[in-house]
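Biologist: I would like to learn how to read a protein model, one feature at a time. Could you take me through it?

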2 protein chains.
Amino acid sequence: MTEHTAQHTVRSYDEELKFLAHKIAEMGGHAERMVEQAVTAMVNSDNALAQRVISDDLILDAGQREIDEKAITIIGKRQPMAIDLREVIGTIRISSDLERIGDLGKNIAKRVVAVTDTRQTLSVYRGLQTIAELALTQLKDVLDAYATRSVQQVNIVRERDDEIDALYTSLFRELLTYMMEDPRNISACTHLLFCAKNIERIGDHATNIAETVYYIVTGSQLPAERPKEDQTHSIVVDEARQP
Amino acid sequence: MTEHTAQHTVRSYDEELKFLAHKIAEMGGHAERMVEQAVTAMVNSDNALAQRVISDDLILDAGQREIDEKAITIIGKRQPMAIDLREVIGTIRISSDLERIGDLGKNIAKRVVAVTDTRQTLSVYRGLQTIAELALTQLKDVLDAYATRSVQQVNIVRERDDEIDALYTSLFRELLTYMMEDPRNISACTHLLFCAKNIERIGDHATNIAETVYYIVTGSQLPAERPKEDQTHSIVVDEARQP
């Protein structure tokens, strides 16, 4: 093998890894936009925007397939070791989380139509926006942690997931209260509950990605002590206390 | 390398692959049991059983970690190609679906306490059991498809996911109706709605596993035409139509 060929091989391997990282950044940006627009569509009862989000989901599905195929080709062809191998396995995991975030965004968009005719009090939409902003910050920061291979950033994202859970719990209570006040709110509030739950799940996926970044950088798994469950499971809003 | 060493190497590689397959079967059996017991706990308001399901989830978390670490070690050490590589990557994917199924089972178990004091009509619990049985059949069949590398079985599982979606949609409507009939049902029915949604998601994870099995056996990805979204997003139960 001439020196030229060796260089070429190495450079093209490096380019393959860069391609994966680039694709993850692209999918990440797309997932962020989908979630942002889905929540905006819900807040403004914008059915046209919701439709666009729904059809945009195909792009993330295709992105995940492309990353999966490319990653497996690279493993077969290059037989990467250590950090390179973790990098490739990491992109498979991250693309799966991003694809699922897109699904959750699409699911919010699909619910817009069911809530349009029975607009709820402004406070609910504000609550939804607040959780969504936090989840989107998590997503942005974890994509940043991936791009810069920052373990410090990983820890920040992990810690902040509790804030999303707390906001979700409070919105859950609020929505149950509106349902009890007036049965005409029940359908819409149920869909909004699922939207809130979807956003809480998006936060969990950001945390998953944080754990994958940690694994790529350090080669070890983070301890599993962080509970990823929401805390609403035992909430019982007492009907008797309602006005 | 002596012939003896070569044989030993090959045999131990084979044993490593078998270990992964065995671990998946073990995790699968554990996930099945968790879901089954979680639904039984919900149906019988059995808080002690629910607590056992919640603590059992740790076993699946540990299983996923073990499979992940082992799979990556195998890739690094053995540099598998073609079907062996797909096998190893496949176990990473499947263990992640099984771990998530465990989470969903745990989430059902956690909601038992919130529903205990406001028992709902028997029909709701029957509905929940019916979807759960179907989802568990899906899980059993897809683990069977994995064990026997059966593409035919994969298709059966994929087709049947529609039945789960249909049952979920009907239970969703029923629960909304009970909420509208009596506001005292709202808290409990909301938790039961999330339980139904969790079971519907378990069905989706069984479908994901089916797709991974297809990929392991054939080396190609199944077309993405199957929608994995539930169909309840546009349900609006009209309060005026209630008794």
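Modeller: We will go from the overall fold to single residues. Please keep in mind that this is a predicted model.

Biologist: Let's begin with the fold. How many helices and strands does chain A have?

Modeller: Chain A has six helices and zero strands. Read from the N terminus, its elements run α-α-α-α-α-α. The C-alpha trace of chain A spans about 80 × 40 × 20 Å along its principal axes.

Biologist: What share of the residues in chain A is buried?

Modeller: Of the 243 residues in chain A, 59% are buried. For the surface, the accessible area of chain A comes to about 9900 Å², and carbon and sulfur atoms hold 51% of it.

Biologist: And what share of the contacts in chain A comes from residues 24 or more positions apart?

Modeller: Among contacts in chain A with a separation of 6 or more, residues 24 or more positions apart account for 83%.

Biologist: Why do charged side chains pair at all?

Modeller: The general idea is that side chains of opposite charge can pair when their charged atoms come close. Over all chains, this structure holds 28 salt bridges. One of them joins A:K106 to A:D57, with the closest N and O atoms 3.3 Å apart. That pair links distant parts of the chain: A:K106 sits in helix α3 (residues 82-116) and A:D57 in helix α2 (residues 47-78) of chain A, 49 residues apart.

Biologist: Are A:K106 and A:D57 buried or exposed?

Modeller: Both A:K106 and A:D57 are buried. For another case, look at A:D182 and A:R184, which form a salt bridge with closest N and O atoms 2.8 Å apart. Here A:R184 is exposed, because its relative accessible area is 56% and exposed means over 50%.

Biologist: Which residue pairs with B:R158 in chain B?

Modeller: The partner of B:R158 is B:E211, and their closest N and O atoms are 3.2 Å apart. This pair also links distant parts of its chain: B:R158 belongs to helix α5 (residues 151-181) and B:E211 to helix α6 (residues 186-218) of chain B, 53 residues apart. B:R158 and B:E211 are both buried. Salt bridges can share partners too, and in this way A:E16, A:K77 and A:R78 are joined into one network.

Biologist: To finish, which residues does A:E87 touch?

Modeller: Leaving out residues up to four places away in sequence, A:E87 touches A:L17, A:Y146, A:R149 and A:I216. A:E87 is found in helix α3 of chain A, and at 12% relative accessibility A:E87 counts as buried.

How values were computed
Residues are numbered from 1 along each chain as its sequence is written. Chains are lettered from A and ligands numbered from 1 in the order in which they are written. This is a predicted model: local features need pLDDT of at least 70, side-chain atom pairs count only at pLDDT 80 or more; totals for chains, interfaces and linings use all residues. Side-chain values use heavy atoms; hydrogens and water are left out. A salt bridge is a side-chain nitrogen of Lys or Arg within 4 Å of a carboxyl oxygen of Asp or Glu. Helices (H or I, at least four residues) and strands (E, at least two) are DSSP runs, numbered from the N terminus. Buried means under 20% relative accessible area, exposed over 50%, partly exposed in between (1.4 Å probe, protein chains only). Contact means heavy atoms within 4.5 Å. Accessible areas come from the Shrake-Rupley method with a 1.4 Å probe; for residues, only the protein chains shown count as cover.
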